[in-house]
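User: I am new to this structure. Could you show me how to read its features one by one?

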Amino acid sequence: MTYDKAELVALDKKHVWHHLTQHKNFEPAIYVKGEGMRITDIDGKTYIDAVSGGVWTVNVGYGRKEIVDAVAAQMMELCYFANGIGNVPTIEFSKKLIEKMPGMSRVYLSNSGSEANEKAFKIVRQIGQLKHGGKKTGILYRARDYHGTTIGTLSACGQFERKVQYGPFAPGFYEFPDCDVYRSKFGDCPDLGVKMAKQLEEVILTVGPDELGGVIVEPMTAGGGILVPPAGYYETIREICDKYGLLLIMDEVVCGLGRTGKWFGYQHFNVQPDIVTMAKGVASG
Ligand SMILES: Cc1ncc(COP(=O)(O)O)c(C=O)c1O
């Protein structure tokens, strides 16, 4: 296809609000085509896309004809019906997904990673309302982890820079320390994973276990620095969750769907989550 670059650039500057971008003196790059792992800009220059669509999203690459054909065929068959009713793709997809996640049983579909995490928070809170008389509704999140862009997920955001201008936040969210081995205050010790995980317990005891219903973590902190927790960390996190009756939510929005070499990031560790959230790679954008 041919494009009028000058016109598109002018229209972009006039009408498009780009995220995480300083718009003063901004000359937008415009990408027009993707094929496999290569992306081509409006001048015809091709690049290797080492960032899967900029934000770890296009996990199986660009221009996958089999996906395009399947989506087109389904849109002709039945493009939408609210999920209070069953439909064939949802049923088949859920079965396939669950096969990759031993120990899990059901899939709830939503529209983004932020919304998936909001759902997980709502599940924790609903259990608190129904089973604990309105207690155990609090959520613990880890410093340096990111869970989305909504006010709810920013309330559970461990990255100060991403939330600083958007308060006030939702109540009932509490931070516990990160798992950055490189800058660990515990130094290099054989039980580092256990020591780091026990920091979660300290926060639980400060807030009060009766207030708390869930813990959310990225299996490996992604945008916050690519932090892989040390051996023993998640086993201890699981033990602490069981001790205090907390659901363990693994946010696989980045790590999931093969990005770390297994189907899900948590599967590198000896841990069984209660809820797993995902987005990005699950539909490859
Ligand atoms: C770990 C993690 N969780 C959740 C999200 C939010 O996903 P979405 O942008 O689909 O709302 C992101 C987005 O970058 C993420 O990195």
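Predicted model: local features only at pLDDT ≥ 70, side-chain atom pairs only at ≥ 80, totals over all residues.

User: Which other polar atoms of the protein sit by an oxygen atom of the ligand?

Analyst: Take glycine 113 to start. A polar backbone atom of glycine 113 is 2.8 Å from an oxygen atom of the ligand. Now serine 114. An N or O atom in the side chain of serine 114 is 2.6 Å from an oxygen atom of the ligand.

User: Which residues are around the ligand?

Analyst: To read a shell, list its members and then sort them. Around the ligand are Ser112, Gly113, Ser114, Asn117, Tyr146, His147, Gly148, Glu218, Asp251, Val253, Val254 and Lys280. By type, this shell has three nonpolar, six polar and three charged residues.

User: Which element gives the most to that shell?

Analyst: Helix H5, residues 113-131, gives the most, with three residues.

User: Is glycine 113 buried or exposed?

Analyst: Buried means under 20% relative accessible area. Glycine 113 has a relative accessible area of 10%, so it is buried. Its place is in helix H5.

User: What about histidine 147, also in the shell: where does histidine 147 lie?

Analyst: Histidine 147 lies in the loop between strand E4 (138-142) and helix H6 (151-155). With a relative accessible area of 2%, histidine 147 is buried. Its side chain makes a polar contact of 2.8 Å with the side chain of aspartate 251. Both His147 and Asp251 are listed around the ligand.

User: Now the core. What is the general idea?

Analyst: In soluble globular proteins, nonpolar side chains tend to be buried together. Now the case here. The largest nonpolar core has 36 residues. Among them, Leu140, Phe176, Val215 and Ile237 touch the most other members.

User: Which elements each supply at least two residues of this core?

Analyst: There are helices and strands on the list. The helices are H4 (88-99), H8 (192-207) and H9 (233-244). The strands are E6 (212-217) and E7 (247-251).

User: Why does this core lie between domain 2 and domain 3?

Analyst: Domain 2 (82-109) and domain 3 (111-282) both give residues to the core, so it lies between them.

User: Where is leucine 140?

Analyst: Leucine 140 lies in strand E4. Its relative accessible area is 0%, so leucine 140 is buried.

User: How do I compare distance along the chain with distance in space?

Analyst: Read the residue separation, then the C-alpha distance. Leucine 212 and leucine 140 are 72 residues apart in sequence and 7.5 Å apart in space, C-alpha to C-alpha. Leucine 212 lies in strand E6. Leucine 212 is buried too, with a relative accessible area of 0%. Now take leucine 140 and lysine 33. They are 107 residues apart along the chain, and their C-alpha atoms are separated by 41 Å. For glycine 113 and alanine 222, the separation along the chain is 109 residues and the C-alpha atoms are 14 Å apart.

User: What should I know about backbone angles?

Analyst: Most residues other than glycine have a negative phi, and most peptide bonds are trans. Now some cases from this model. Leucine 20 is not a glycine, yet it has a positive phi of about 50 degrees. Asparagine 25 is not a glycine either, and its phi is positive, at about 55 degrees.

User: Where are leucine 20 and asparagine 25 found?

Analyst: Leucine 20 is in the loop between helix H1 (5-15) and strand E1 (31-35). Asparagine 25 lies in the loop between H1 and E1.

User: Are these residues buried or exposed?

Analyst: Exposed means over 50% relative accessible area. Leucine 20 counts as exposed at 73% relative accessibility. Asparagine 25 is exposed, with a relative accessible area of 80%.

User: Which residues does a cis peptide bond join?

Analyst: A cis peptide bond joins glycine 167 and proline 168, with omega about 0 degrees. Proline 168 is in the loop between helix H7 (160-163) and strand E5 (173-176).

Terms used
Residues numbered from 1 in each chain as written. Heavy atoms only, no water. Near = heavy atom within 4 Å. Polar contact = N/O pair within 3.5 Å; in protein donor to acceptor, adjacent residues only side chain to side chain. Helix = DSSP H or I, 4+ residues; strand = E, 2+ residues; numbered from the N terminus. Nonpolar A, V, L, I, M, F, W, Y, C, P; charged D, E, K, R; others polar. Core = buried A, V, L, I, M, F, W, Y, C linked by side-chain atoms within 4.5 Å. Buried < 20%, exposed > 50% of the residue type's maximum accessible area, 1.4 Å probe, protein only. Domains from an automatic or database assignment.
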